[in-house]
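I opened this notebook to record what I looked up in the structure. The entries follow the order of my reading.

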Amino acid sequence: MDGILFLIFAVFAVLCAINVVVQTHPISSAISLIGVMGSLAVLYLLLGAEFLAVAQVIVYAGAVMVLFVFVIMLLNAGAEARKGRSFMVQLLGAPLLVALLGLLAYFVQRLFPHTALVEFGRFTGSAREVGMALFTTYLLPFEVTSVLILIAILGAIVLARKELD
């Protein structure tokens, strides 16, 4: 049963992630991103990490997505204008994408030939373990991410202020 639920929510996450990139309206992309975050929370539940699943929903699907929608509304971003694609893009796009994916698969298999497969075992994702890892091992990436988010918000405010003037 876990394998079936994993496949359902993994496919849903991938489809929502593709929809994030394909959408022309930013609010639709943000809603698709909420779908990705929700399905990731279910995958955490399947792995037995209840705390991480709840944190995923509260922090990412809740707070960060509200922040994204707020910034989108602050910028007053509308749908992207459709532009005609060049003939070369239409002709070479798909074959070059397949070649890139094949090249990436080749190098991943070459660099990591004997790695173990993912096991769907239970692990503990308690608040204490997550907090200790976050503020010891992953402190620098955590702080860099928070500074990048702050810079993005300030940039959105500056861009919106210039449009108002």
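I began with the terms for accessibility: a residue is buried under 20% relative accessible area, exposed over 50%, and partly exposed in between, with a 1.4 Å probe and protein chains only.

**Basis of the entries.** I noted that this is a predicted model, in which local features need pLDDT of at least 70, side-chain atom pairs count only at pLDDT 80 or more, and totals for chains, interfaces and linings use all residues. Residues are numbered from 1 along each chain as its sequence is written, and side-chain values use heavy atoms, with hydrogens and water left out.

**Confidence and elements.** I looked up pLDDT, the predictor's confidence in each residue, from 0 to 100. Its mean over the chain is 80, and 85% of the residues reach 70 or more. I took helices (H or I, at least four residues) and strands (E, at least two) as DSSP runs, numbered from the N terminus. I found 6 helices and 0 strands in the chain, in the order α-α-α-α-α-α from the N terminus on.

The chain exposes about 12,700 Å², of which carbon and sulfur atoms supply 74%; accessible areas come from the Shrake-Rupley method with a 1.4 Å probe, and for residues only the protein chains shown count as cover. With contact meaning heavy atoms within 4.5 Å, I noted that residues 24 or more positions apart account for 71% of the contacts with a separation of 6 or more.

**Helix H1.** I placed Ile8 in helix H1. Ile8 counts as partly exposed because its relative accessibility is 48%. I also noted that Ile8 and Ser39 lie 31 residues apart in sequence and 9.2 Å apart in space, C-alpha to C-alpha. Leu15 is in helix H1 as well, and counts as exposed because its relative accessibility is 53%. I then found Leu15 in a nonpolar surface patch with Val11, Val14, Ile18, Val21 and Val22, with about 580 Å² of accessible area together. Patches are made of residues with over 30% relative accessible area and no salt bridge, nonpolar side chains (Val, Leu, Ile, Met, Phe, Trp, Tyr) being joined within 5 Å and like charges within 9 Å. A salt bridge is a side-chain nitrogen of Lys or Arg within 4 Å of a carboxyl oxygen of Asp or Glu.

**Helix H3.** Is Gln56 buried or exposed? I located Gln56 in helix H3, and Gln56 is buried because its relative accessible area is 6%. Not counting residues up to four places away in sequence, Gln56 touches Met37, Leu40, Ala41, Tyr44 and Ala61.

**Aromatic pairs.** I found 2 aromatic pairs in the structure. Tyr106 and Phe107 form an edge-to-face pair, 5.4 Å centre to centre with 65° between the planes. Rings of Phe, Tyr and Trp (its six-membered ring) pair if their centres lie within 6.5 Å; planes under 30 degrees apart count as stacked, over 60 as edge-to-face and the rest as tilted. Tyr106 is partly exposed at a relative accessible area of 42%, and Phe107 is partly exposed at 44%. Phe135 and Phe142 also form an edge-to-face pair, 5.4 Å centre to centre with 80° between the planes. I recorded Phe142 as partly exposed, with a relative accessible area of 33%.
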